[in-house]
Amino acid sequence: MNRSNIPGTAGQVAALFGLPAKPLYGKEGAPVYDAIARHDPSEIRDVLRLARGPVLELACGSGRLTVPLAARGHEVVALDNSAALLGMLADRLPAGADVRLVEGDMTAFELHRRFGLVVLGTSSVCLLDTSQRAELFACVRRHLAGVFYVSVLDFAGLLLARQAERSTVVVQDQSMITLFQHFDGRRGVRTTSLLQESADHRALYTSEVRMVSSEQLAEELAAAGFKILERRRGLDSEQVQVQLICGRHDD
Ligand SMILES: C[S@@+](CC[C@H](N)C(=O)[O-])C[C@H]1O[C@@H](n2cnc3c(N)ncnc32)[C@H](O)[C@@H]1O
């Protein structure tokens with residue numbers, strides 16, 4: 001994405017300061033993403049509750065969910081396609097942790113083994129388009145000997161009906177990070193941009209995700225050979241997290 005096609009206020013900021021939009025999960029964006037993500041406690045309890053046997057965590061990032069799993073003594077294979085975020089995770093694993101880090105693509109991986117729990121949290125499934133999600137589900141099915149945990153966000157009608165924006169500011173260490181979320185319900189796309197500003201530095205990092213509803217995801221999972229064992233819905237708000245806990249249909 002270049003600065004001319006970042007939607008909304010983040011695009012205006014990019015134009016105003018002549019900032020290129022850098023990838024959120026790249027080398028420079030990774031510490032900025034991590035600065036926001038590491039304070040998010042959501043899903044940790046839910047994932048720990050489900051963990052039994054070896055765990056495969058997809059799109060593990062800098063380890064928001066991996067580190068608590070490892071700290072509880074679980075064997076974890078943690079996969080992500082960002083070398084920068086995997087490097088941060090490697091540095092924060094507890095001593096003696098039974099964790100293997102894999103740099104790979106969640107839509108095309110072969111680990112030659114099965115897992116009691118496969119985790120794809122933080123609504124990261126929405127990073128993929130429809131055909132990539134089908135490829136992901138086929139990979140998960142081949143590696144599953146237990147349950148598949150996947151989370152997604154459902155959006156209020158207002159955010160689906162027209163373009164809308166939300167922003168949040170966090171002051172951390174020596175910098176200020178503004179999180180812009182732009183919702184384009186008609187295109188079904190949410191753009192997340194993080195503007196990092198300090199006394200001598202300003203940079204913008206962006207990621208685009210699809211607005212996939214939990215209903216649509218459940219249909220895709222059923223078509224891919226999964227059955228929904230449990231569906232958990234967060235407290236009602238503009239963006240509600242929905243957790244789908246699935247098994248293989250033939251188990
Ligand atoms: C929203 S972050 C979630 C990270 C982590 N689970 C957390 O809670 O902080 C999405 C992650 O997906 C990773 N990612 C994006 N596309 C991917 C792909 N095709 N295969 C593997 N990882 C991918 C990114 O590098 C990033 O770490």
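Which glycine takes a positive phi just after α8? Glycine 225 does, at about 95 degrees. This is a predicted model: local features need pLDDT of at least 70, side-chain atom pairs count only at pLDDT 80 or more, and totals for chains, interfaces and linings use all residues. Residues are numbered from 1 along each chain as its sequence is written, and side-chain values use heavy atoms, with hydrogens and water left out.

**View 1. Helix α8 has a buried side and an exposed side.** Helices (H or I, at least four residues) and strands (E, at least two) are DSSP runs, numbered from the N terminus. In α8 (residues 214-223), Ser214, Leu217, Ala218, Glu220 and Leu221 are buried (under 20% relative accessible area; exposed is over 50%, partly exposed in between; 1.4 Å probe, protein chains only). They lie on the same side of α8, because they cover an arc of only 165 degrees around the axis (taken from the directions from the helix axis to the C-beta atoms). On the other side, Glu215, Glu219 and Ala223 are exposed. The buried residues pack against α6 (130-143), β6 (144-155), β11 (226-233) and β12 (239-248).

View 2. Domain 1 spans 3-35 + 156-209, and domain 2 spans 37-155 + 211-248; the bounds come from an automatic or database domain assignment. The contact (heavy atoms within 4.5 Å) takes 26 residues from domain 1 and 19 residues from domain 2. Three salt bridges join domain 1 and domain 2 (a side-chain nitrogen of Lys or Arg within 4 Å of a carboxyl oxygen of Asp or Glu).

**View 3. Arginine 64 pairs with glutamate 43.** Their salt bridge spans 3.1 Å, N to O. Arginine 64 sits in the loop between β2 (55-58) and α4 (66-71), glutamate 43 in the loop between α2 and α3 (44-50), 21 residues apart. Both residues are buried.

**View 4. Aspartate 154 pairs with arginine 233.** The closest N and O atoms of this salt bridge are 2.9 Å apart. Aspartate 154 lies in strand β6 and arginine 233 in strand β11, so the pair ties together parts that are 79 residues apart in sequence. Aspartate 154 counts as buried because its relative accessibility is 12%.
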